[in-house]
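Subject: Handover of a structure, with notes

Dear colleague,

I am passing on the structure below, and I would be grateful if you could look through it alongside the notes that come after it.

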Amino acid sequence: MESLNGINNHSSLPSTHKKPDSSAASRDRILEGITVLLSRWHGLQMAVQNQWGGLDSFQKSQQLAADVFSWFIQSKAHRVEDLENLLHESMLLSLNTEIEDGSIEEVAEQLMIMHEEYLHGNHQTNQILDVVVE
């Protein structure tokens with residue numbers, strides 16, 4: 001999958017935290033992180049490989065990464081439940097795939113952690129990117 005990236009300022013951070021990094025490089029890196037994380041999600045990859053969403057299933061998986069990136073940029077309040085709903089609806093409506101193995105919640109949580117790390121200027125997300133989502 002191609003690289004996607006975005007950052008949203010978090011105005012409620014205590015002054016002891018680093019200022020959110022909103023540079024283009026940081027946005028590119030988080031987009032890449034979203035894409036890598038989704039590319040390792042077994043349920044999504046099964047839908048793509050089996051073309052459960054049609055011949056354009058791969059493009060739909062890329063659009064999902066772009067949608068997650070946009071959600072992080074556009075949304076002021078990031079609730080994991082909202083991200084779970086975004087993932088669930090996209091899988092169901094775009095890729096005709098019902099995921100009931102708990103991986104949606106796991107992927108959403110990992111995406112939230114990764115985004116928070118970038119908001120705090122922490123670019124050690126390699127640990128999360130190394131996690132293979134089953």
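Residues are numbered from 1 along each chain as its sequence is written, and side-chain values use heavy atoms, with hydrogens and water left out.

The average pLDDT (the predictor's confidence in each residue, from 0 to 100) is 80 for the protein, and 74% of the residues score at least 70. Over residues 1–21 the pLDDT stays under 50, although the model has 76 contacts beyond four places in sequence for them, a contact being heavy atoms within 4.5 Å. Where pLDDT is low, the predicted coordinates should not be read in detail.

Helices here are DSSP runs (H or I, at least four residues), numbered from the N terminus. Leaving aside residues up to four places away in sequence, Ile34 touches Ala65, Val68, Phe69, Phe72, Leu111 and Met114.

In helix H2 (residues 42–49), the buried residues are Gly43, Leu44, Gln45, Ala47 and Val48, where buried means under 20% relative accessible area with a 1.4 Å probe and protein chains only. What covers them includes helix H1 (24–39), H3 and H4. Just after H2, Gln51 takes a positive phi of about 55 degrees.

Thr97, found in the loop between H4 and H5, counts as buried because its relative accessibility is 5%. Not counting residues up to four places away in sequence, Thr97 touches Ala47, Trp52, Met91 and Leu92; the C-alpha atoms of Thr97 and Ala47 are separated by 6.7 Å, although these two residues are 50 residues apart along the chain.

His78 lies in the loop between helix H3 (57–74) and helix H4 (80–95) and is also buried, with a relative accessible area of 17%. A polar atom of the His78 side chain lies 2.9 Å from the backbone oxygen of Phe72.

Terms used: Helices (H or I, at least four residues) and strands (E, at least two) are DSSP runs, numbered from the N terminus. Buried means under 20% relative accessible area, exposed over 50%, partly exposed in between (1.4 Å probe, protein chains only). A polar contact is a pair of N or O atoms within 3.5 Å; within protein, one must be able to donate a hydrogen and the other to accept it, and residues adjacent in sequence count only if both atoms are side-chain atoms.
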